[in-house]
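Me: I have a model open and a few things to ask about it. Can you take them as they come?

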Amino acid sequence: RAKRDGAGRVLVYEPYMQSEALDHLSLRGDLQRALREGEFRLQYQPLIRLSDLAPTGVEALIRWHSPTRGFVSPVDFIPIAEEFGLIVDIGQWALETSAKQVALWRRDFPDLGLNVNVSGHQLVHPRFADAVMRALAIAGLPSSAVTLELTESVLMSEPDLGKAALHALRGLGVQLSIDDFGTGYSSLAYLRELPVDELKIDRAFIARAELTGEDLALVRTIVELAQILGLRTVAEGIENANQLAALRRLGCAYGQGYHLCRPTDPSDLPARLAGEQIFTHPRT
Ligand code: C2E
Ligand code: MG
Ligand code: MG
Ligand code: MG
């Protein structure tokens, strides 16, 4: 079970470690196959303007139903895809597929926007801006309809590279969003310099925010900060009518969440965008 490595340190192998390592490796193979065999799908969750509850866009969310593993959450497989360098191809697939889909939907919903999640590994890839342009050109989707979502941690880990890449993307006319805002450590000074258009308030704040006391004050502060910086705010994870009402009172412009509309298969989305079924609760 134990042996010495070259430097004389004792390495201890436990059976479970071996099986974890093996599983990790087989996951890599499974992810490669998933991309090749077309096992990934996208669902779309509407972004809703809180003033009149109109859907203004959709966020593409990747889904993987593995024939051997069953449903695997992106929370679990995206980090592995990043680790093995597969995220660039998977992310490009998501961008191309969602851009084509939204271009189609825009025949009936002309102003519909598209939000796509982008990994830091994609952002710092030297040909990312070209890849984005190519995807949008093939889809026939104008760059102004597209918002790329990046997390704070990504931007903070490579501040200079990240900033340069953001400027290049902005130059193409796409909009930029900071996802899960409030969970990272971006300084105000850094935030001010970033060429971003949107802040998505992390759902942890909204969840606690039956919106009383400190949590309410925190969300209000983020909304005010965004207003000062000229950014639009999207509240993630709105799960009930109290949260919705509080966010509207605070002047948060947009929201997403199960209370408004769940992530939805593309075949069902147009009916929901058209109105009748989008709200499972009476409009307030
Ligand atoms: P995210 O971008 O912050 O997406 C929001 C997550 O919250 C989604 O989880 C969504 O299904 C979930 N959600 C929406 N409304 C509610 C609500 O009211 N309550 C709760 N509890 N959850 C809600 P999902 O789809 O499992 O995705 C998780 C994360 O995986 C995403 O977080 C994003 O970081 C990543 N991801 C998903 N698709 C992609 C992709 O195509 N590329 C990359 N790089 N990452 C992706
Ligand atoms: Mg997102
Ligand atoms: Mg988010
Ligand atoms: Mg999130």
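Me: Where is the place of Leu-150?

Reply: Leu-150 sits in strand 7, residues 146-151. Helices (H or I, at least four residues) and strands (E, at least two) are DSSP runs, numbered from the N terminus. Before we go on: this is a predicted model, where local features need pLDDT of at least 70, side-chain atom pairs count only at pLDDT 80 or more, and totals for chains, interfaces and linings use all residues. Residues are numbered from 1 along each chain as its sequence is written, chains are lettered from A and ligands numbered from 1 in the order in which they are written, and side-chain values use heavy atoms, with hydrogens and water left out.

Me: Is Leu-150 buried or exposed?

Reply: Leu-150 counts as buried, because its relative accessibility is 2%. Buried means under 20% relative accessible area, exposed over 50%, partly exposed in between (1.4 Å probe, protein chains only).

Me: How many Å apart are Leu-150 and Asn-242?

Reply: 28 Å, C-alpha to C-alpha. Along the sequence, Leu-150 and Asn-242 are 92 residues apart.

Me: On to the metals. Which residues coordinate the magnesium ion (ligand 2)?

Reply: Glu-59 (OE), Asn-117 (OD1), Glu-149 (OE) and Asp-179 (OD) do, at 2.0 to 2.2 Å. Donors are N, O and S atoms within 2.8 Å of the metal (3.2 Å for Na, K and Ca); water is not among the atoms, so sites may look incomplete. The spacing of these donor residues in sequence is E-x57-N-x31-E-x29-D. Distant parts of the chain are linked here: Glu-59 is in strand 4 and Asp-179 in strand 8, 120 residues apart.

Me: And which are the protein donors of the magnesium ion (ligand 3)?

Reply: Asp-179 (OD), Asp-180 (OD) and Glu-236 (OE), lying 1.6 to 2.3 Å from the ion. Along the chain, the spacing for ligand 3 reads D-D-x55-E.

Me: Which residue bridges the magnesium ion (ligand 2) and the magnesium ion (ligand 3)?

Reply: Asp-179. The two ions are 3.8 Å apart, and Asp-179 coordinates both.

Me: Is Asp-179 buried or exposed?

Reply: Asp-179 counts as buried, because its relative accessibility is 7%. Glu-59 is buried too. Asp-180 counts as partly exposed, because its relative accessibility is 24%.

Me: What about the backbone of Asp-180: what is its phi?

Reply: Positive, about 55°, although Asp-180 is not a glycine. Asp-180 lies in strand 8. Leu-53 also has a positive phi, about 60°, and is not a glycine.

Me: Where is Leu-53 found?

Reply: In the loop between strand 3 (40-49) and strand 4. Leu-53 is buried, because its relative accessible area is 4%.

Me: Now ligand 1. Where does ligand 1 sit?

Reply: In the largest pocket. On a 1 Å grid over the protein atoms alone, a pocket is an open set of points with protein on both sides within 12 Å along at least five of seven lines. A molecule sits in one if more than half of its atoms lie within 2 Å of its grid points.

Me: Which elements give two or more residues to the shell around ligand 1?

Reply: Strand 4 (54-66), helix 2 (74-83) and strand 8 (175-181). Strand 4 gives the most, with four residues.

Me: How many residues surround ligand 1?

Reply: 22, and the closest are Arg-63, Asn-117, Asp-179, Glu-239 and Tyr-258. A residue is near a molecule if one of its heavy atoms lies within 4 Å of it.

Me: Which polar side-chain atoms lie 3.1 Å from an oxygen of ligand 1?

Reply: One belongs to Asp-180. An N or O atom in the side chain of Glu-236 is also 3.1 Å from a ligand 1 oxygen. For Asn-117, a polar side-chain atom lies 2.8 Å from an oxygen atom of ligand 1. Taken alone, ligand 1 exposes 800 Å², and the protein buries 84% of that. Accessible areas come from the Shrake-Rupley method with a 1.4 Å probe.

Me: Last topic. Which helix holds Gln-243?

Reply: Helix 11, residues 241-250. Gln-243 counts as buried, because its relative accessibility is 2%. A polar atom of the Gln-243 side chain lies 2.7 Å from the backbone nitrogen of Glu-239.

Note on methods. A polar contact is a pair of N or O atoms within 3.5 Å; within protein, one must be able to donate a hydrogen and the other to accept it, and residues adjacent in sequence count only if both atoms are side-chain atoms. On a 1 Å grid over the protein atoms alone, a cavity is a set of points where a 1.4 Å probe fits but cannot get out, and a pocket is an open set with protein on both sides within 12 Å along at least five of seven lines; lining residues have an atom within 4 Å of a point.
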